[in-house]
Amino acid sequence: MPLDELDRALVHALHLDGRAPFALIADVLGTSQQTVARRYRRLREEHGLRVIARPAPRRIGQVEWFVRLRATPDAALKVAHALAARDDTSWVQLTSGGTEIVCVTRAAGAQAPDALLLRQLPRTPRVVAVSAHCLLRTFVGGPVGWPGRATTLTEDQVRRLTPEPAATDGGLVDVSGDAALLAALARDGRATYAELAAGTGQPEPAVRRRVQQLRRDGVLYLDVDLDAAALGFAAQALLWLSVRQPRLAAVAEALAGQREVALVAATTGPANLLASVLCPDVDALYTYLAETIAAIDGVGHVETAPVIRTLKRAA
């Protein structure tokens, strides 16, 4: 069932600050802390809502790759499940009639993707094609969350819930000593400092300081993982766009401001821009492609791959 207004307000609040205390969210939304906690638990149980915390890849020396695999029809689902079970993948989806699998993986900047999964999966005879595309610049997605879930609160409510802006530049940060902490936050970005301390074996004050420092320095970001169908978006597609190079940034920024767009990234490969689009239904998807995309100056060829199943969203 679609979410009601209070559910959507709670999702919007978590989009702004995934670790905002329930007491603050309740005060901003004009309800009780118990109601907010109860709604949060129900959204977790019924719609898979999660708040996750992940390190920004470039700040820790990683590069993101978008991987496309084509498999025989009898093997595609098995391959997709194998990918979803890996720790180094996210957003594992079946597209294009169920024979193409796509996912995102991260690698250290000095490594090529074949140092990760590409060296293993192509050996499977039922995987007939593999390509990897480096995400050169992400305009929406990752640290810049999907705006489609953030449309409920007023400007004043947004102001009260928005934390101080994190640093947007800086050098590489060594997080080699934070593996246990980052793993715990990836499982539950709202884990209390006491829970994080118990899970990492570190004193609670030290854990608190480290999380706050990583967020303040723009190394750690929070995201909301939620089935888009709960927000009324039942049709999803990946778009590979070929854009005239002088217009690449302008087209990416135009897409980034649209409610339907959950990911926009400049990428390597035959197409130079990748977008993940969510619409209420296939009719709305057609309208978006025929009217919105077609009206953007600089867009040439567009390849559309409908997403038919998501096996893994965020890591």
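A residue is buried here when its relative accessible area is under 20%, exposed when that area is over 50%, and partly exposed in between, with a 1.4 Å probe and protein chains only. By that rule cysteine 279 is buried, because its relative accessible area is 1%. The model is predicted: local features need pLDDT of at least 70, side-chain atom pairs count only at pLDDT 80 or more, and totals for chains, interfaces and linings use all residues. Numbering starts from 1 along each chain as its sequence is written, and side-chain values use heavy atoms, leaving out hydrogens and water.

Start with the barrel. Helices (H or I, at least four residues) and strands (E, at least two) are DSSP runs, numbered from the N terminus. Two strands pair if DSSP finds at least two bridges between them. Eight strands form a closed barrel in the order β2-β4-β3-β10-β7-β9-β8-β5, with antiparallel pairing. On average, neighbouring strands of this sheet are turned by 35° against each other, direction ignored. Axes are lines fitted to C-alpha atoms, for helices over the stretch in contact, and angles run from 0 to 180 degrees between N-to-C directions. Helix α4 (residues 76-84) packs on the sheet. The strands touched by α4 are β2 (62-71), β3 (89-95), β4 (100-108), β5 and β10 (299-312). The direction of α4 makes about 165° with that of β3. Contact means heavy atoms within 4.5 Å.

Now follow strand β8, residues 261-267. Seven of its seven residues are buried. On one side, β8 pairs with β5 (residues 127-140) in the antiparallel sense, over four bridges. There leucine 135 stands opposite threonine 267. Five bridges join β8 to β9 (residues 273-279), again antiparallel. Alanine 266 has leucine 273 as its bridge partner in β9, and alanine 265 has leucine 274. β8 and β9 form a hairpin with five residues between them. Glycine 269, in the turn, has a positive phi of about 115°.

Tryptophan 91 lies in β3. Its phi is near 50°, a positive value in a residue other than glycine. Most residues other than glycine have a negative phi. Tryptophan 91 counts as partly exposed because its relative accessible area is 37%. Glutamine 93 is also in β3. This glutamine is buried, at 4% relative accessible area. Its side chain makes a polar contact of 3.1 Å with that of threonine 310. A polar contact is a pair of N or O atoms within 3.5 Å; within protein, one must be able to donate a hydrogen and the other to accept it, and residues adjacent in sequence count only if both atoms are side-chain atoms.

Look next at the nonpolar cores. Such a core is a set of buried Ala, Val, Leu, Ile, Met, Phe, Trp, Tyr and Cys residues joined through side-chain atoms within 4.5 Å. The largest has 47 residues. Leu14, Ile25, Leu161, Leu196, Val211 and Leu226 have the most contacts inside it. Helix α1 (5-16) is among the elements that each supply at least two residues of this core. The largest share, six residues, comes from α1. Another core lies apart from it, with 20 residues, among them Leu248, Ala266, Val277 and Cys279.

Finish with the cysteines. The whole structure has zero disulfides (pairs of cysteine sulfur atoms within 2.5 Å). For cysteine 134, the nearest cysteine sulfur is that of cysteine 103, 14 Å away. Cysteine 134 is buried, at 12% relative accessibility.
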